[in-house]
Amino acid sequence: MMPAYTTYFADGAIRPDDGERGAALFLCLLVSATIALIGALAMHAAGLNQKIVTNGLRQSQAFYLADSGLEAALARLQHTPGWRGDGAYPGLRAAMDADTPGGCYEVVVSDATDDGKGIFDPLLPAGHVRLTASGVFMGAMQTVSCLIEIAPDTGAPASFPRKAVAAAGVVSGGLTAQDQWGVPDAAMAVAGGPLPDANAAALRTAADIYVETLDDAAYDHNGLGAVSFWKDPPANTRPHVVHVGGNLDLSGGRLLSGIVVVDGDRVSLSGTAGVRGVLYAPNASTVSVYNTGNAGRAVSVGLLVSGGDIDVTGAPVVARVADAYVDVFNSLAGPVVQARRVSGTWMSF
């Protein structure tokens with residue numbers, strides 16, 4: 001065992017030697033450094049936790065802003081089913097500031113109709129739109145999306161009568177109205193009075209085909225000759241809906257099928273062109289029919305609606321009512337439209 005060395009001083013005091021004093025100093029420095037490191041780590045962990053909590057709160061706030069945008073857009077659709085956005089890019093998107101300081105949301109509306117309103121998405125079914133809302137709060141962003149079905153309230157249909165012809169103006173020329181069995185009946189044509197109300201925005205929303213103007217070239221390009229009235233025979237529950245943004249001018253033997261909504265002020269059917277379904281032209285000053293085919297041929301089977309006159313020239317024609325077509329038109333054109341979320345389509349990303 002090594003002996004301990006002790007230094008005796010002149011005053012009689014006993015003190016540790018230099019080696020013992022150095023060891024004590026080193027131990028003190030080591031303990032101090034350890035405590036400082038632990039403190040620094042604790043402060044770093046506290047700061048990191050604070051950042052995590054702050055970021056989480058910002059992400060949550062951004063999510064709630066996005067969901068608020070979704071609800072606001074849904075409310076707009078419920079009030080105006082044809083709404084497809086507003087703001088910096090009219091008709092393309094809705095950018096709306098929220099009341100929360102430092103936060104805002106933006107809503108993009110997509111639909112299946114390539115009419116320049118909303119974002120065109122050919123994968124969406126007719127009568128549906130997709131809402132995609134992004135919320136931003138102090139650098140954090142969250143996005144939510146949902147598919148919305150815009151459907152008529154079957155308890156509140158439009159009130160168009162089961163007639164072959166309905167015109168706000170006069171009907172002139174050789175046109176004979178028939179009932180659905182093909183029996184001539186003058187009561188199957190009504191003219192000279194106001195038209196019943198129809199929800200044109202709902203009809204446009206239900207459109208699965210859109211053309212800017214419908215002439216022979218557009219008819220052939222869009223394959224409208226292969227379109228039937230019903231989309232899903234033999235179930236026969238949903239019709240094809242064609243939305244024409246401007247005028248309609250068809251000739252030859254071209255036959256339009258479905259519910260055809262014409263926004264323009266001119267409709268012309270010449271040659272042996274005709275309609276199987278409902279032709280709804282509330283803004284037309286005149287629906288002109290120039291028949292070069294056989295006398296007595298059916299220029300329309302369903303319902304022919306003009307916001308002005310109906311004028312027939314050439315060989316006489318027949319307009320025959322089809323109750324089923326009128327009924328489904330009334331169902332789609334009702335004054336009340338419901339916009340509701342499609343179950344299972346909500347997602348956050």
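# Strands, burial and aromatic pairs

Reader: What makes strand S8 (residues 165-167) and S19 a pair?

Author: Strand S8 and S19 are joined in the parallel sense over three bridges. The model is predicted, so local features need pLDDT of at least 70 and side-chain atom pairs count only at pLDDT 80 or more, while totals for chains, interfaces and linings use all residues. Residues are numbered from 1 along each chain as its sequence is written, and side-chain values use heavy atoms, with hydrogens and water left out.

Reader: Which other strands pair with S19?

Author: Strand S17 (residues 274-281) runs parallel to S19 and is joined to S19 by seven bridges. Strand S21 (residues 317-321) also runs parallel to S19, with five bridges. Valine 301 takes part on both sides: valine 301 is the bridge partner of arginine 276, and valine 301 stands opposite arginine 320 in S21.

Reader: How many helices and strands does the chain have, and what makes a run count as one?

Author: The chain has four helices and 23 strands. Both are DSSP runs numbered from the N terminus: a helix is H or I with at least four residues, and a strand is E with at least two.

Reader: Why is strand S19 called largely enclosed?

Author: Nine of the 10 residues of S19 (residues 297-306) are buried, so the rest of the structure largely encloses this strand. Buried means under 20% relative accessible area, exposed over 50%, and partly exposed in between (1.4 Å probe, protein chains only). Strand S16 (residues 266-271) is likewise largely enclosed, because five of its six residues are buried. S16 pairs in the parallel sense with strand S14 (residues 248-250) over three bridges and with strand S18 (residues 286-291) over six bridges. For the chain as a whole, 41% of the 349 residues count as buried.

Reader: Why is threonine 113 called buried?

Author: Threonine 113 has 7% relative accessibility and therefore counts as buried. Threonine 113 lies in the loop between strand S4 (103-111) and strand S5 (119-120).

Reader: Which residues does threonine 113 touch?

Author: Leaving aside residues up to four places away in sequence, threonine 113 touches Phe120, Arg204, Ala207 and Tyr210; contact means heavy atoms within 4.5 Å.

Reader: Why is the pair of phenylalanine 63 and tyrosine 64 called edge-to-face?

Author: The structure holds eight aromatic pairs. In the pair of phenylalanine 63 and tyrosine 64, the centres are 5.6 Å apart and the planes make an angle of 65°. Rings of Phe, Tyr and Trp (its six-membered ring) pair if their centres lie within 6.5 Å; planes under 30 degrees apart count as stacked, over 60 as edge-to-face and the rest as tilted. Phenylalanine 63 is partly exposed at 23%, whereas tyrosine 64 is exposed at 53%.

Reader: Why is the pair of tyrosine 280 and phenylalanine 329 called tilted?

Author: Tyrosine 280 and phenylalanine 329 are 5.5 Å apart centre to centre, with 55° between the planes, and the pair is thus classed as tilted. The pair links distant parts of the chain, with tyrosine 280 in strand S17 and phenylalanine 329 in helix H4, 49 residues apart. Tyrosine 280 is buried at 5%, and phenylalanine 329 is buried at 0%. Helix H4 (residues 323-332) is mostly covered, with seven of its 10 residues buried.

Reader: What makes a set of residues a nonpolar core, and which residues have the most contacts inside the largest one?

Author: A nonpolar core is a set of buried Ala, Val, Leu, Ile, Met, Phe, Trp, Tyr and Cys residues joined through side-chain atoms within 4.5 Å. The largest has 59 residues, and those with the most contacts inside it are Leu214, Leu248, Leu256, Ile259 and Phe329. Another core, of 23 residues, lies apart from it and includes Ala66 and Val107.

Notes:
Two strands pair if DSSP finds at least two bridges between them.
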